[in-house]
Amino acid sequence: MNELYGVDPSAPSNALELGFLLRLFDVGEGRFIAEFPVNWLDDLRRNLAERSDLGAMRGEEAKTRIRHALLPASSRYVPGLPWIENADKLRQEVKMLIGASGCPPSAEPLPSVIASPDSLPDSRADHIPRTAGAYAKAARPLFFTSPVVCLVDPYFRLRHRDRQGTRWTADRRRSDVLRALLQNATESKRFERFRLTVSRKVGLEDDESGTELIAAAYSIAEEAGLLHIDFEFDVIEDIAPRHDHPRYLLGTRSGLQFDYGFDTSTDGKLNHVHWMSRAELDPLLKVFMNAPARTHRNIGAGRS
């Protein structure tokens, strides 16, 4: 799950090869491409446009369909050198290098990958420990590909009553999860907002305005070292009354389903997590991210 690949932006030589590349790294596949060089997508579009007018159209299609899969690389690209020579530095970061037809043996030619699709492991899902660190690792790509990340869980809360029921105390397990998730955002240049979609009964107990929830979220963000962030919240019962147990982490173009939500455990139990296909994802984005009729409150927007 979440394997990173190095792909030569000149690798697809025709529309058929581009189509296969887009499917290999499509939404829900759990595979990602190192943004190497940093203008990888522009290079892909230019290489396609140089081949034909149809290539220019395909390049625009690729921009829409593959942007969700581009993750930053830590290796530095040297302009003027061919991609395949630069990619030698990328080898330690990626699962595989995929080059153009006729590339050196240090990379696998794209036509060979297309001919043997099983050469790339299935990356769509995993059973991961129910720990804050494991959840953050699984969700890491979202924070580098989306300006908004939305957590959806009717059982998520950041405080609960003590055993005597006389006072409120922080819910440490879920607070640790939010902190770990937001630590991803401290390294991202694209992330801006985090949306908490919770239930009125659990997440907003005795907090109808959401003031306590958002205040706790800001405190956790500061602990994570994230000082420039906006928080929003929505109420599941208001925007998705037909969803009984939605437990997702959504970006603007991709998303994960967490079968057991965002609670943690010390008993060794696992959480089944998977990247959702377009068919699964698109209806959720309309409800939780893009629905024009949704109600939300943005408390503390612009806080720094």
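Where is P37 found? P37 sits in the loop that runs between strand 2 (31–35) and helix 2 (40–51). Helices (H or I, at least four residues) and strands (E, at least two) are DSSP runs, numbered from the N terminus. The peptide bond leading from F36 into P37 is cis, and its omega is near 5°.

This is a predicted model, in which local features need pLDDT of at least 70 and side-chain atom pairs count only at pLDDT 80 or more, while totals for chains, interfaces and linings use all residues. Residues are numbered from 1 along each chain as its sequence is written, and side-chain values use heavy atoms, with hydrogens and water left out.

Two residues other than glycine have a positive phi. In N2, phi is near 65°; this residue lies in the segment before strand 1 (3–7). N2 is buried, with a relative accessible area of 18%, where buried means under 20% relative accessible area, exposed over 50%, and partly exposed in between (1.4 Å probe, protein chains only). For D206, phi is about 55°. D206 belongs to the loop between strand 10 (193–198) and helix 8 (211–223), and D206 is exposed, its relative accessible area being 56%.

Helix 1 covers residues 15–24. N14 caps its N-terminal end, with a side-chain oxygen 3.1 Å from the backbone nitrogen of L16. Within helix 1, the buried residues include E17, L18, G19, L21, L22 and L24. An α-helix has 3.6 residues a turn, so residues three or four places apart point the same way.

Conventions
Polar contact = N/O pair within 3.5 Å; in protein donor to acceptor, adjacent residues only side chain to side chain.
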